Structure formats: C-alpha cells, structure tokens
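Q: Could you walk me through this model before I set anything up with it?

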Amino acid sequence: MEPQTPSPRKIQRLQEQPETQQITPEDCSSLTPGRRLKVTLLTSEWGSTKGGLSTINRELAIQLAKYDNVEVCMYLPCFSDEDERAAAKCKVSLLKAKKRAGYDDPIDWLTFIPREHQMNVVIGHGIHLGRQVSLIKEVHEGCKWIQVVHTDPEELGMFKDYAGPTVKAQKKHEAEVKLCQEADQVVAVGPKLTETFARYLRSCGRDQLVLNLTPGIFSEFSDIKQATEEREVFHVLVFGRGDSEDFHLKGYDIAARAVALLKDEEHAFKLVFVGAPSGKEEQVKELLLNEGILPRQLIVRSAKERKQLAEQFYEADLVIMPSRTEGFGLAALEALSAGLPVLVSANSGFGRALKEVAFGRSFVVHSEDPTEWAKEIQIVRSKRREVRLEEASELREKYSKTYKWEEQCSKLVEKMLQVVGD
C-alpha cells in the first residue's frame, strides 16, 4: 500500500512542534513529500587536518545526509578521489570550487557557487567560512543562511600570543556578530557558545535564534578496544594545534608544569604532546622544556592525520585539556569517544556539557594552577588501569545518552524547514 501523503495541516503541526519533540529522518520524509531539502556546507576540506571546524563540518554533513529527504553537498576548494569515495559512502556529494584568478586564498573561491547548483540552505562557519554567504545569497535568491559559531574571538584574544591580540579580537568579534545578525539561523557549538552568542545578539532581538548543537560521541573512535594491562610509565596525552600563538591559550604550559611536578612521585609520568607543526617540532620541545619538565618526561610529535590519531589513543593512559578557554574542546571528546579517561578545563564548552552528565563533574578541573592539575592526574594514576577504563566507558555511555548527534541534528533540520518555509 502506498504511504498516505500527510495533510498540509499535519505538516504545519509538525513544523510548529516544541523543541522537546525531536523529528527523525522518517519524520522528515513525511514532512516534505515530493521534494528534497538541498543543503550545501562551505568547507575547506573533507578531512580534519585544519582542526575542529573541519571535524564538526564533516560530521554535520554525515548526520544531515541520514535524512531521506535532505540532500547534502559540501563545497570546497579541492578534494581527492579517496575523499569523494568516502563522502559518497555517507551519501554526501562533494563539489569543487573553480579556481579564480586574483584570489590567492582558495577559501575565497567558495564565494562563487555555480548558478546552476540548486540549494535551499547554505551553512557557513565562523568568519573564515561564513563571510562568503552574504554574496552567495545575492546570486542564489531565496537560499537561506545557517551560520555556525565555533569560538568567542574576544575571549580568545585575552590569551593569544601575537602583536595586538585585543584589537584584532575585537574586530573579529564585531565581524562574527554581524554575520550572525545577517543569517537566518545561528547555531552555536556547545552550551558555552550558545549562552555567549545569545547575549551578543540581545541588542538586535535575535538572541532566541541561537540553537545549541552539542557534539555527540564520535563513532569512528568508539570501536577502539583499550588494553587493560598496566604499564610502568603513565602517559599523559595532550594534542591539538601546536602553534606558538596558542601555547598559553591551550594551557600547554600548565600540562608541562603539572607533569614536571610529578617527577618525584612513586610512578613515572610522561607528557606526550601531539600536534607540533611540521618543521617546528624542536621549537615546541623548547617551549615545553622551558616550563620545567625534564627531557625524560617529554615526547613531542608532529600533527597527525585523522587515522593516525587512533594510534595515539591506544598508547595513552589519560588525555588532558587544560585550555584557559575553549569554545567547546573536541580533542577531549574524541579521547572520551575512544574510551580514555579525560581531565578537562571548566572554562570549556565540553566541561560545561559534562556537568549535565551523571558524575561528569569529577572529570572537570576548576583551576589553571599546575599543582591542581598534578593532583588530579595523580588521582587518576592511583586507580588500576582496568578501573580507569571502566569509569571512562561509563562516562562515555552516559554522555552518549545525554548528547546524541541524531537529536542535535533533528533540531537543526526542524529549524531549516522552518526558515525555508518562511
């Protein structure tokens, strides 16, 4: 029997349902009979070599593509045949931007989406991948704009280590807020940024337009089977961008000092830093050694591809994220997804998200003092590895029940349907 097409009244009721009721991919199929919601995401890559923004962008595309009546395309400067095959398996199409003479930055090529490319919604991210959308909309009339925010530039500016960070941060902040004001819908990654941008948009009466999207567990790491055998040396893993300007911001000095304080303890500790820019491994090593950590307590590795990151998780005993501020903190979530114990800064979106999870607060550190971090690391080390892994696995399970990609994205699909229907 052919499925019955829902009445316009039913469609309206589904569109107006409260946020506590989640729509599913099946709901979306009945919500838009006979048509597809065409969504295009601006991105710099299919992979994750450029950090968390790329990771969120790809996962968002994959999750949206699970809806039968949502057609997902990623528009990017370049991609490999392998990228295209991987995307196709997830029902995501990749569209290559045409090279433009006079535009040295390939990201600027994204401003020009072919006129024949059909889309109902275009998703931009921050300034880097959002500034193009206002011009795109002038060519593609009727297309709606979803703006995703990943950072709070002003707060980041308080910790950046380059010339004039405060003035530059203020300019970025003003540009970020302006983009949000022009967009049809704002999405913030995690509870911290949701609160922050709702405050920024109060003056224009758009604070209620900020949708919280808290990332769920990454399935690509959740299949990792951690060995329960204890080792003599306790490896504390820190990974992320190792740029010198972010050294203080990311709390890498806190990590080095904390592990340095543990050199006289009963057990041996080693800090494993992953993320040094290619060719700058020695500089990163010197920055860390200057914090008092001994060479025998330190390993410095270059940045890793996504597939290589799993190998680092197999070797680690604990992952810490001592950032002085963090919009969200995907590094720690990726580690938790792999079943590893984590310690995260309270001034992070992930830290705030953990507070809403049963006993998640015990994994959050409310201090920038290396002594406090050393104490917390020692507490984790005092437990048998089997117990540590069991606690991490339980936290992962509870987190996955609280924050699900499907539920987060269902809210976004609902909002997109609403703005397209306006």
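This is a predicted model: local features need pLDDT of at least 70, side-chain atom pairs count only at pLDDT 80 or more; totals for chains, interfaces and linings use all residues.

Q: Ok, how many helices and strands does the protein chain have?
A: The protein chain has 17 helices and 13 strands, taken as DSSP runs (H or I, at least four residues, for helices; E, at least two, for strands) and numbered from the N terminus.

Q: And what is its radius of gyration?
A: The protein chain has 22 Å, which agrees with the value near 22 Å that a compact globule of 422 residues would have; the radius is taken over C-alpha atoms, and the globule rule is 2.2 Å times the number of residues to the power 0.38.

Q: Switching to α12, which of its residues are buried?
A: In α12, which covers residues 306–315, the buried ones are R306, L309, A310, Q312 and F313, where buried means under 20% relative accessible area with a 1.4 Å probe, protein chains only. Down the helix axis they fall within an arc of 160 degrees, so they line one face of α12; the arc is that of the directions from the axis to the C-beta atoms.

Q: What covers them?
A: The cover includes α3 (52–64), β9 (268–276) and α13 (330–337).

Q: Which residues have the most contacts inside the largest nonpolar core?
A: Those are L64, F313 and Y399, in a core of 68 residues; such a core is a set of buried Ala, Val, Leu, Ile, Met, Phe, Trp, Tyr and Cys residues joined through side-chain atoms within 4.5 Å. Apart from it lies another core, of 28 residues, with F269 and L318 among them.

Q: Last one: is V121 buried or exposed?
A: V121, in strand β4 (residues 121–125), counts as buried because its relative accessibility is 0%.

Q: What does V121 touch?
A: Leaving out residues up to four places away in sequence, its contacts (heavy atoms within 4.5 Å) include L37, V39, I146, M416 and V420. V121 and M416 are 295 residues apart in sequence, yet their C-alpha atoms are 7.3 Å apart in space.

Notes
Residues are numbered from 1 along each chain as its sequence is written. Side-chain values use heavy atoms; hydrogens and water are left out. Buried means under 20% relative accessible area, exposed over 50%, partly exposed in between (1.4 Å probe, protein chains only).
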